Amino acid sequence: MAVLSETAYNFASKPTNVGLKVASALRVIETAFNRYGPSHIALSFNGGKDCTALMHLVRAALYKYNKEHSLSTTPLVALYVLYKKAFPEVDDFVERSVVRYDLDLVKVSGPMKQGLQAFKDSHPEIKAIFVGTRGDDPHGERLQYFSKTDADWPEFMRVNPVLDWAFEDVWGGIREMGVQYCCLYDQGYTSLGDVDSTKRNPALLKDGCYQPAWSLVDRCLERSGRSSTSTDSDLPPSGMAYPATSDANCSSEYID
């Protein structure tokens, strides 16, 4: 984790747009660790691109925090709310990430609200959850870096470090920091949900071949491969604050 952390912080020092976004996200993550402590905060992770970028930065900041406070390295608790028809490639990537990022992966069954309650019951020490929600995600404009769940949801503080990132920032950070990601994003998918609701993005079809997600020019077309009737299932539980039909980012029903 030492090399990972050093690389992330070196990238954050660059005066580029993505470098500044990474620096901002790291500051939010550091604030969360200082406020709650590593043993009281978890990561919502389901293999989507946004929470993958976030996972990388959380691990970088956690290494730095532990080193500064003379703490031993411990697994990072990660919540994965399961849904019925996940892509096997996504599940495989999640399992490989457990090893790569030293995650204590907690799998709970959805829908999101019930999954969060099950997680709270089994991990009452967790007070806050890192979520990969962006401001341009469904309902993301209503969030702040620190936003509590709604009153009728299990009580957590949602920490949203990449709230001010856009589609191109996510891919800029992932590619420039050398972050590994789910292989489906190299096969024409730009936003992931369940198998039935997700198709390759038609905007990436060129000369009979689908281009990788990061090559998408128009960010407004990010979810063009998603069924309009599907429930969002891309990142962490940004859906924690909203009705189950509006779950977004790292909820099990919204991967991205």
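Let's start with a term: buried means under 20% relative accessible area, exposed means over 50%, and partly exposed lies in between, using a 1.4 Å probe and protein chains only. This is a predicted model, where local features need pLDDT of at least 70, side-chain atom pairs count only at pLDDT 80 or more, and totals for chains, interfaces and linings use all residues. Residues are numbered from 1 along each chain as its sequence is written, and side-chain values use heavy atoms, with hydrogens and water left out.

First, helix α4. Helices are DSSP runs of H or I with at least four residues, strands are runs of E with at least two, and both are numbered from the N terminus. Helix α4 covers residues 88-100, which makes 13 residues. From first C-alpha to last, α4 reaches 18 Å, close to the 18 Å expected at 1.5 Å a residue. That expected span is 1.5 Å times one less than the number of residues.

Which residues of α4 are buried? They are V90, F93, V94, S97 and V98. The face turned away carries the exposed residues P88 and V99. The buried residues pack against α3 (49-68), β2 (76-82) and β3 (103-109). Just after α4, D102 takes a positive phi of about 55 degrees.

Next, the cores. A nonpolar core is a set of buried Ala, Val, Leu, Ile, Met, Phe, Trp, Tyr and Cys residues joined through side-chain atoms within 4.5 Å. The largest has 60 residues. There, V22, F33, F45, L57, F130 and V159 touch the most other members. A second, separate core of 14 residues includes M112, L116, I129 and F156.

Now charges. A salt bridge puts a side-chain nitrogen of Lys or Arg within 4 Å of a carboxyl oxygen of Asp or Glu. The count comes to 16. E222 bridges to K49, with the closest N and O atoms 2.9 Å apart. E222 lies in the segment after β8 (209-210) and K49 in helix α3, so the pair ties together parts 173 residues apart in sequence. Both E222 and K49 are buried.

Key
Contact means heavy atoms within 4.5 Å.
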